[in-house]
Amino acid sequence: MTGLLERDRGLLWHPYAPLDGPSPYAVHDASGTRLDLEATDGTRFSAIDAMSSWWCAVHGYRHPVLDAAIHDQADRFSHVMFGGLTHEPAVRLAEELVRVTPARLQHVFLADSGSVSVEVALKLAVQYQAATGHPGRRRFVAVRGGYHGDTTGAMGVCDPVDGMHALFPGLVSDQLFLPRPPAARTDHGKLLPEADPAVDAWITEAEELVAAHADTVAAIVVEPVLQGAGGMHVYPPRCLAALRRIADRHDVLLVADEIATGFGRTGAPFAVEHAGVEPDVLCLGKALTGGYLTLAAVLCSGRVAEAVTRSPQRALLHGPTFMANPLACAVAAASLSLLTPAVTDRVAEIGRELSTALAPAAELPAVREVRVLGAVGVVELTGPVDVGAVTRAALERGVWVRPFRNLVYTMPPYITGPDEIAAIGAAVTGAIAQVHR
């Protein structure tokens, strides 16, 4: 495998890494919660995947139900165009998505990836506003600290300073931004009731911003309760409930980006449920297929779909070549079948276990804060994390993590056991103590 790493170097771009940057680790095998990895020096590691492969492999690797679903569909057909055709895996998946998501969401558009689902949601919002007599409503209100993907439209609603806005002037549209909401309080992975005056002030600012620009705004775009790749920031559900009221007041759509938070990750089936609200548009991805294939979904309310259907175009103007790929739809439907109430209970247990396992990290001098929500554990450092050194130190303790900025965090598969959660906590704490003395 060291030869593979040599062949990779300078040939493949890896996410957010230079061509001549540190070498990646080669994967020999992946099964259950574990990865079999090799470093450039030939060292082999059997490591718990504390990342669920960027949050998508919620059932772990080589799950027999998911393996069977993809094999069975491959024996029938692997792909057909979705223009003018349909097939059972797509219909079955859409039916199941409508069943498990908030009630007002009745229509499904199947996209290629999370970023593309956000692009579709933005276009849908603009089409809805034009169809309802507001063609000038083409801008979006988003939240500082947010991350919604790497494609051009999605970048436009990412954080304009800490995100990628500044590197692409003239390409990325200028949108409107609310401040990052105040931090929420959690206890053993659960959100606590919030009566912070700072939340009231934030809600007032949100009301004023949208009111001042309502004649140009198509939608509010937000990650519910947990901002993911923008900083793993947990905020009070009361902020989300306020955005729902504001959107209703001004006939602005509420777009919930649950690409990272959907399917139980925060301790609720969908993060909007923490606030008791239903969005007009919902973006899903990552865990949708259990990590097997790229697929995303955009769901919308009947009101939104009916307006677009009555418009001169009569259609949502987007159509990827691999839309509703049968293999992806079949494995996604199988993945949803595994998300039983027992899995929801296990996520709550993981939250409690992560709170205990990561608690010692809070005593380290380099650590600013430890926070846990559902099956998400975050250790925030006082300064930038040494990504390569912390990754290697955690691997030497039997755990794969991929830190970023000043965060060492974990989103383990839902099948991760209590002993493995304890091992993740010990590895994260030990790696930070070793590298950031």
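A search of the whole structure finds 20 salt bridges, a salt bridge being a side-chain nitrogen of Lys or Arg within 4 Å of a carboxyl oxygen of Asp or Glu. One of them joins Arg-144 and Asp-159, with 2.9 Å between the closest N and O atoms. Arg-144 lies in the loop between strand 5 (139-143) and helix 6 (152-156), and Asp-159 in the loop between helix 6 and strand 6 (176-178), so the pair ties together parts that are 15 residues apart in sequence. Helices (H or I, at least four residues) and strands (E, at least two) are DSSP runs, numbered from the N terminus.

Please keep in mind that this is a predicted model, in which local features need pLDDT of at least 70 and side-chain atom pairs count only at pLDDT 80 or more, while totals for chains, interfaces and linings use all residues. Residues are numbered from 1 along each chain as its sequence is written, and side-chain values use heavy atoms, with hydrogens and water left out.

Now to the domains. The assignment, which is automatic or from a database, gives domain 1 (4-58 + 340-435) and domain 2 (65-338), and their C-alpha centres lie 26 Å apart. Domain 1 brings 28 residues to the contact and domain 2 brings 30, where contact means heavy atoms within 4.5 Å.

How much area do domain 1 and domain 2 bury between them? The value is about 2400 Å², 59% of it on carbon and sulfur atoms, buried area being the accessible area (1.4 Å probe) that two parts lose on being put together, summed over both. On the domain 1 side, Trp-55, Leu-373 and Arg-405 lose the most area to domain 2, together 28% of what that side buries.

Between the two domains the count of salt bridges is 0.

Turning to the record, the UniProt annotation "binding site", from an unreviewed entry, covers Gly-114, Ser-115, Asp-257, Pro-320 and Thr-321; such annotations may be inferred rather than shown by experiment, and the positions are given in the numbering used here, with feature names shortened. These residues spread over 208 residues of sequence and, in space, over up to 23.0 Å between C-alpha atoms. Among them, Pro-320 is found in the loop between helix 9 (302-310) and helix 10 (326-338).
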